[in-house]
Amino acid sequence: MNKLFFIRHYFLPTAFFSLVINLLQIAPMFYMMQLYSRVIVTRSEEAFWLLSILLLVALLVMGALEIVKARILVSANNAIDAIIAPDLLKKMVEGATSPEQNPYHYALKDLHTVRTFLTGHGIIQVMEALWLPFYLLIMYLMHPLMVFVLAIGILLMGCVTVVNEYLTSPALAEANTASRNTSRFVDSAMQNAEVVNAMGMLPSLTRRWASLNDRVMALQTRASNRAGTISGSTKFLRILIGAMGSGVGTYIVLKNQTFSPGLMMAGGIMFAKALGPIEYIITGWKNITDARSAYFRLDKFFKQINDNPPVIMELPPPTGQISLEHVTFGIRSNNRIILKDISFSLAAGEALGVVGPSASGKSSLARLLVGVWKPLQGVIRMDGADISNWPSEKLGGYIGYLPQDIELFAGTIAENIARLDEPDSEQVLAAAKLAGLNEIILQMPNGYDTQIGEGGAVLSGGQRQRIGFARALYGSPRILVLDEPNASLDTAGETALVNALQQIKAAGITTILITHNPNYLSNVTKLLILQNGTVAAFGAKDWVLAQAQQAKNQQAQVST
Ligand SMILES: Nc1ncnc2c1ncn2[C@@H]1O[C@H](COP(=O)(O)OP(=O)(O)O)[C@@H](O)[C@H]1O
Ligand SMILES: [Mg+2]
């Protein structure tokens, strides 16, 4: 059972209160009817007071229930967010690392839609519609003709709804898609603003935007025109049918002497009462279907991602021994194998260099090693335990990962190094020193408390890379995976990196270093050559290098 069940749990009290309140709302109508049909006729003051007191009590109860209901709604609103949103964010982020599914960016927005519907006006109107049969029954008891006329009215409005859905929904959906595409285009233009400005791409960019935007406007105009026509006809129908309540009542009085003016008035009010929710359902149909589809998307999302992490025994902190057994990775949706049957193992504290041409699968191997991608076949073990059995929060503490494209977060340098946790100054300092970054940070305006801006905008590429490196070293990682850590470093940065690698080796941290620079290979004991997603060679560094040299020589001999 997933946490969405919780939403249903709040739904019931809301529904209950709405139903009772709705029932009490017709008290004034009965009061009026009794005044006309009894009190006026019998001229009994006693009955007048009794009825008035009863009315007062009913309305007081209604008011009290309204207050309670409002409180339940507010607390439901907060609780739904507090209980479901953090889980949702976690699943969204986890899902976003999968190369298979499209990331579900809209999960939090969907939750907001469902929440607004369930705790707002919408659900109450739907609840009121549930009273419809009850109103119909009372009206039937008054006079069947009233029900007949109302039924025809409802039928007509129902037809209008269907036509509405049929005409406006596809038009609106099309307009929304176009509008989303346009804003995506603007987003990417803003992100690439430097390129756009530097190379004079502005005129063509504007042209493209204008043609996208023209289409949005045309589609929106069409959708709005249709919606306007529908809402006009709905209004006409509703007012006509509403007025017919009194009309039918009067007609019955004319034809039938026993039907009193009190009943006539009550009939009119019943009519209006029954029509209210129907009108809402028609005009608010979009809200209802939006909430419904958001709910089902969320439900599907919760179901597709494993809700219960495997229950495992508390494992001791790993020593850093790692082994891959016949690991194959590929992308199911496009039938592509990226890594084929990779097997190797490293003892705790060993350092492995991974080399290979571009697109040979080095970064993919890194993602598998840190557990953000799961092998299609085979297992990756740390100290003998399958890493996919580790809860990611636990495993993450033992892993230091410097991805090829580093992403930093808006915040201070210290917060970024501390992996967004409350920074532990001693550990931040240790990581920064190890990354050879301490002096550089101290020269910044606020030292470790310097805000680095959105994505680290304030920093140079090399500085970002080194902060990413310090972040990988933060805490006590047992396994370090560095994906081309020298990509944007200057000479000083490279020296710092080589020194750091020496110290890391001395500290006994298992290291996997993806690099093209032979300088860094001086610190590794083993070497793996990847070619086209397979292991071309693996073993002690000197041996692998000698083999590669031999192969080269042989090739040279063959070609001469
Ligand atoms: N998220 C992804 N979706 C689809 N294909 C991918 C993805 N990441 C990598 N690939 C493909 O996998 C192959 C290996 O990529 P990668 O591991 O980045 O190689 P390297 O780091 O050695 O340059 C490439 O052909 C690339 O197109
Ligand atoms: Mg790469």
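D110 forms a salt bridge with R297, with the closest N and O atoms 2.7 Å apart, where a salt bridge is a side-chain nitrogen of Lys or Arg within 4 Å of a carboxyl oxygen of Asp or Glu. D110 lies in helix α4 and R297 in helix α11 (residues 285–304), so this pair ties together parts that are 187 residues apart in sequence. This is a predicted model, in which local features need pLDDT of at least 70 and side-chain atom pairs count only at pLDDT 80 or more, while totals for chains, interfaces and linings use all residues. Residues are numbered from 1 along each chain as its sequence is written, chains are lettered from A and ligands numbered from 1 in the order in which they are written, and side-chain values use heavy atoms, with hydrogens and water left out.

**Salt bridges**

- A search of the whole structure finds 7 salt bridges, and the one between D81 and R115 has its closest N and O atoms 2.7 Å apart.
- D81 belongs to helix α3 (residues 45–96) and R115 to helix α4 (residues 107–119), so the pair ties together parts that are 34 residues apart in sequence; helices (H or I, at least four residues) and strands (E, at least two) are DSSP runs, numbered from the N terminus.
- R115 is buried, with a relative accessible area of 13%, whereas D81 counts as partly exposed at 32% relative accessibility; buried means under 20% relative accessible area, exposed over 50%, and partly exposed in between (1.4 Å probe, protein chains only).
- The side chains of E174 and R222 meet in a salt bridge at 3.1 Å, N to O, and because E174 lies in helix α7 (residues 144–191) and R222 in helix α9 (residues 202–255), the pair ties together parts that are 48 residues apart in sequence.
- E174 is partly exposed, with a relative accessible area of 33%, R222 counts as partly exposed at 34% relative accessibility, and E174, R215 and R222 are linked in a network of salt bridges.

**The sheet**

- An open sheet of 6 strands has the order β6-β7-β8-β3-β9-β10, with mixed pairing, and two strands pair if DSSP finds at least two bridges between them.
- β6 (399–402) and β10 (534–540) stand at the edges, each with a single partner strand, so one side of each is left without a neighbour in the sheet.
- The twist averages 15° from one strand to the next, with axes being lines fitted to C-alpha atoms, for helices over the stretch in contact, and angles running from 0 to 180 degrees between N-to-C directions.
- Strand β9 (residues 526–531) is joined to β10 by 6 bridges, and the two run antiparallel; in β10, the bridge partner of Q531 is T534.
- Helix α20 (residues 541–559) packs on the sheet, touching β9 and β10, and its direction makes about 130° with that of β10; contact means heavy atoms within 4.5 Å.

**Helix α15**

- In helix α15 (residues 425–434), V428, A431, A432 and L434 are buried.
- Seen down the axis of α15, its buried residues fall within an arc of 165°, so they line one face of the helix, the arc being that of the directions from the helix axis to the C-beta atoms.
- These buried residues of α15 pack against α14 (413–417), α16 (438–442), α17 (461–473) and α18 (491–506), while the face turned away from the buried side carries the exposed residues S425 and E426.
- α15 is followed by G436, whose phi is positive, near 70°.
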